[in-house]
Structure formats: structure tokens, C-alpha cells
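Please examine the chain displayed below.

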Amino acid sequence: MRYFGIVLTQFFVFLYCKCLWRSLKFVVRKFTGSCELQRICYNNKHGARRTHKIESSLRYSKHELLQSALSVHPDKVEKTIDDIMALKKINPDTNPQLGISLQASLLQVVGYRSLVSEVEKLRREPYDCENAEHEEMLLKLWKELRPDTPLTGRISKQWCEIGFQGNDPKTDFRGMGLLGLHNLLYFAEHDKATALQMLQDSLQPKHNEVGKPDWEQKNLDKAIGYSFAIVGINITDLAWSLLVGGALKTHLYNVAPEIPNLLHFQQTFCYLMQEFHRFWIEEDPSDIMEFNRVRSKFHRRILRQLKNPDMALCPHFSASDLHLVNL
């Protein structure tokens with residue numbers, strides 16, 4: 001009986017999508033004199049609300065031209081908009097704003113696809129210690145986070161001071177490849193004060209009110225609870241999952257005027273690092289073994305925020321202008 005109910009529900013959904021929905025669109029167009037794309041553009045402000053609806057309208061259209069518009073090259077967006085206007089018999093002279101709105105939203109859609117490809121390419125590229133560019137980036141990360149402490153050697157226990165697990169950081173980049181290093185270096189360079197503060201906090205005793213003698217006497221051998229670089233790689237994984245899963249569309253469609261790019265993704269990473277730091281302190285975990293629980297809870301919080309179509313995680317374009325967390 002339950003199986004029959006599921007089949008019946010799927011049948012009605014199919015019937016609605018294939019027949020009733022399109023019939024309803026036809027009736028509304030005859031009644032209003034406007035196609036669905038016009039109504040979306042005229043009734044929604046620029047941002048995720050409008051772009052999500054335009055993306056959905058194009059994806060489920062019966063016209064091949066409209067479906068293929070979602071995967072065109074950014075350089076061909078303007079031509080594609082002209083073709084859509086012609087297909088819908090919309091006069092661009094009497095509807096000048098429509099073409100502009102459609103173009104902005106379509107650039108966001110195709111730009112997001114390009115960004116996913118770019119980020120995935122970085123993630124799949126392994127760290128290569130024989131690559132001079134990779135090595136230069138890694139050494140630059142050390143200089144940004146430890147400007148007053150010379151690195152004694154490429155293979156050194158000093159790397160643990162900035163939160164790597166062993167003597168050679170290259171092994172920690174396996175999961176996220178070069179993407180993890182790119183994000184950490186961007187954070188250290190473009191929001192240096194916050195990165196240094198977070199690093200310092202991560203190395204401090206968890207309960208700062210406890211004096212050193214009491215600390216040693218009570219054997220409270222805990223820092224604030226995490227390794228800075230490892231957390232950065234973990235938050236890179238979180239940001240990547242939000243991106244490829246599509247949840248980050250809401251944020252990027254609201255902050256990127258047209259094409260989202262790698263810079264927007266890295267700024268989002270900076271915000272997530274700051275927010276996770278604050279969230280970790282609020283959760284007050286007993287030790288690092290609770291990291292996965294706290295991370296999962298933090299992930300769920302971000303996903304809930306991104307369900308709001310007007311949500312922008314970090315509205316400013318410059319990471320140093322975020323000022324969202326007082327560390």
C-alpha cells in the first residue's frame with residue numbers, strides 16, 4: 001500500500017511538471033502578456049532570489065536554447081540573451097532592463113559553474129615538493145604566520161607551531177591538494193591580523209584565567225583545542241562541499257554582481273575560518289576529539305543560514321573589511 005502511494009505521488013508530480021505546470025505558464029502569459037522570465041526579472045530584485053528562479057526556469061524549459069543557456073561560455077552570454085529575447089518575441093527597445101537583468105543573472109549561473117571547475121582543479125592538484133612554485137607558497141605561509149622566527153629547515157618540527165601535524169606539511173595537503181595551501185596563504189596575506197590572532201589563540205591555554213602554576217598543578221594540558229593549519233584545511237573542505245553541493249549559490253549570487261570567481265571563494269573561506277573559531281569557543285569542547293562533532297554542527301548552521309535567499313555570509317569583497325568577529 002505504501003509503495004502504491006509513492007508511485008501515485010510520483011505520477012502526479014510527473015503530470016504536474018509535464019502538463020499542468022506548462023499549461024499554467026501558458027495561461028499566465030496570455031493573461032499578463034509577459035513570459036515567465038519577464039515576470040521573474042520584474043518581480044525580484046537582483047541577487048539570489050532572481051537568479052535562482054531564472055536558473056530553474058531555464059533548466060526546466062522545453063526549449064533546447066533555454067536549457068543550453070545554463071552551460072554557455074561567459075563570452076557568449078550576451079549573444080545567448082539576444083537569442084532568448086528573439087525566441088520569446090520580446091522587443092529589446094521596449095524592454096531594455098530585461099536584457100540587462102537576464103545577462104547579469106546568467107553570468108552568475110555560468111560563472112558559478114566555472115568557479116566549481118577552477119576550485120576542483122586546485123583541489124585535485126597534489127602538493128609537489130619538487131615544484132618550486134609550490135615550495136615558495138609554503139615558505140611564504142611560514143613567513144606570514146611566523147615573521148619573526150626563521151625556519152631552520154624545510155623539514156622541521158617548527159611546522160607544528162602553525163598547526164601542521166608533522167615535520168613535512170606536504171602530507172597534510174593530501175585531502176584538499178593545493179586548494180588548502182591557496183586558502184591558508186590568502187587568509188594569512190589578506191587578513192593577517194585576524195590570522196595571527198587565531199593562531200595565537202589556538203596555542204593558548206583553554207582557560208586563560210588559570211595561571212601557569214595552577215595550570216601545571218591541575219595538569220590542564222589543553223590549548224584552545226585545535227591546530228591552526230589543519231583546521232584551515234578542514235574548513236577548506238567545508239567550503240568546497242558547500243560550493244560543489246550548490247549551497248554556496250545563495251551567498252555568491254548575493255555578493256558577486258556578475259561572475260563569481262576564486263577571490264569570492266577565498267573571501268568566503270576567510271569568513272568561515274573566523275566564524276568557526278568563534279563557534280569553537282562557544283561550544284567549549286573538552287578536547288580535540290570533539291572536533292568532528294563541532295565541525296558538523298557548524299556545517300549545519302551555515303547550511304541553515306544559506307537557505308535564506310537574501311543571505312550573504314560576508315557582504316564585503318575585502319577579507320580585511322569583514323570585521324564580523326571580534327577576536
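What percentage of the 327 residues in the chain do buried residues make up? Buried residues account for 45% of the 327, where buried means under 20% relative accessible area with a 1.4 Å probe and protein chains only.

The model is predicted, so that local features need pLDDT of at least 70 and side-chain atom pairs count only at pLDDT 80 or more, while totals for chains, interfaces and linings use all residues. Residues are numbered from 1 along each chain as its sequence is written, and side-chain values use heavy atoms, with hydrogens and water left out.

**Overall organisation**

The chain holds 14 helices and zero strands; helices are DSSP runs of H or I with at least four residues, strands are runs of E with at least two, and both are numbered from the N terminus. The accessible surface comes to about 17,800 Å², of which 53% belongs to carbon and sulfur atoms; such areas come from the Shrake-Rupley method with a 1.4 Å probe. Among contacts (heavy atoms within 4.5 Å) with a separation of 6 or more, 66% join residues 24 or more positions apart.

Axes are lines fitted to C-alpha atoms, for helices over the stretch in contact, and angles run from 0 to 180 degrees between N-to-C directions.

| Pair | Angle | Axis separation |
|---|---|---|
| α6 (residues 96-124) and α8 | about 105 degrees | 3 Å |
| α8 and α9 (residues 192-202) | about 110 degrees | 5 Å |

Helix α6 is thus roughly perpendicular to α8, a term that covers angles of 65 to 115 degrees. Helices α8 and α9 are likewise roughly perpendicular to each other. In the contact of α8 with α9, Phe187, Ala188, Glu189 and His190 of α8 meet Lys192, Thr194, Ala195 and Met198 of α9.

Asparagine 183 lies in helix α8, which spans residues 177-190. Asparagine 183 is buried, with a relative accessible area of 0%. Beyond its neighbours within four places in sequence, asparagine 183 is in contact with Thr236, Phe265, Gln266 and Phe269.

**The nonpolar core**

The largest nonpolar core has 81 residues, and Leu58, Phe228, Leu248, Phe265 and Leu272 touch the most other members. Such a core is a set of buried Ala, Val, Leu, Ile, Met, Phe, Trp, Tyr and Cys residues joined through side-chain atoms within 4.5 Å.

How values were computed. Buried means under 20% relative accessible area, exposed over 50%, partly exposed in between (1.4 Å probe, protein chains only). Angles under 35 degrees count as roughly parallel, over 145 as roughly antiparallel, 65 to 115 as roughly perpendicular and the rest as oblique.
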